[in-house]
Amino acid sequence: TGPVPPANDNDSPQRQPRPLRPRPPAPAPPAPRLFRAAAPARHMSVPHVSVTVVSLWRRRDDAEGNPMHRPLTRERIGADEQPAAVAPVEGVKASSDWHRDRQVRERRHVPDPDARAVLVQCEEHYAALAAHFPTVDELRTEANVFGENVVVRGAALADAWCVGDVLHVRRSGATVLVLRVTAPRVPCYKIDCRCHCSHRPPAYSVQHACIATGLAGAFVAVAGDGGSISDGDRIELAHRPLPHLTLRRVSELCYGH
């Protein structure tokens, strides 16, 4: 027999092609956004920070024009005049305060003098500076070297307070005043004049030591309608929006170079 002829394609059944499935339409690109959505904030517990008011001070009216002279700097507010009223604009009432007086308001680099309503200093800062400057007697023997309104005890404010902190002044279990930390104190040359070290180089200057460390105290603004403050009151941290900006850290970033 001869060779088998190849099968004719017409003789074999044709395989029908599968119907093509339509592809789903591509998703439309997201509309461009000008700003990214903020990441949800993580809940951070507020640390327990509490200090006690040990003394209140005011500036006398006759101190105008020469605020750092020793007899005219401040006078202590006695117990018979406490609790002392504190107002949002005036700060501690009955006190002519050079931190926000007419000269301060006229300076262009102080856009918000009311943010300097009250200056708070602590005993821990005095102790640290006295140890660093053992020959400066004023840091150990005199009070109110920095012209502060309130002196507290219980924590070094440079590390315990942050810019933006909301503070509650509490008395007998009730909040009597709300304060907000606005900035570390940046002292001028008058601090060295007061401490008799203005002739010394920067390495031995109280002013320069405070500028880079935040040891000159903290300025606070008065929230709401104000209130009052008295010796023995507790100042407690209520809210902390910027936990990374301690007074010391801000001082180092701005003036530590």
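What share of the contacts in the chain with a separation of 6 or more comes from residues 24 or more positions apart? Some friendly notes on this and a few other points follow.

1. To begin with that question: residues 24 or more positions apart supply 75% of those contacts, counting contacts with a separation of 6 or more. Please keep in mind that this is a predicted model.

2. On the overall make-up, the chain has 257 residues, and 41% of them are buried. Its secondary structure consists of seven helices and 11 strands. The accessible surface is about 15,600 Å², with 55% of that belonging to carbon and sulfur atoms.

3. Helix α7, residues 247-255, is worth a look. Its buried residues are Leu247, Val250 and Ser251. These lie on the same side of α7, because they cover an arc of only 100° around the axis. As a reminder, an α-helix has 3.6 residues a turn, so residues three or four places apart point the same way.

4. Strand β8 brings us to its pairing with β7 (residues 166-171): the two run antiparallel and are joined by six bridges. Within this pairing, Arg171 stands opposite Ala174 of β8. Two residues lie between the strands of this hairpin, where Ser172 adopts a positive phi near 55°.

5. Strand β7 also pairs with β11 (residues 234-239), again antiparallel, through five bridges. Here Arg170 has Arg234 in β11 as its bridge partner.

How values were computed: Residues are numbered from 1 along each chain as its sequence is written. This is a predicted model: local features need pLDDT of at least 70, side-chain atom pairs count only at pLDDT 80 or more; totals for chains, interfaces and linings use all residues. Side-chain values use heavy atoms; hydrogens and water are left out. Helices (H or I, at least four residues) and strands (E, at least two) are DSSP runs, numbered from the N terminus. Buried means under 20% relative accessible area, exposed over 50%, partly exposed in between (1.4 Å probe, protein chains only). Contact means heavy atoms within 4.5 Å. Accessible areas come from the Shrake-Rupley method with a 1.4 Å probe; for residues, only the protein chains shown count as cover. The arc is that of the directions from the helix axis to the C-beta atoms. Two strands pair if DSSP finds at least two bridges between them.
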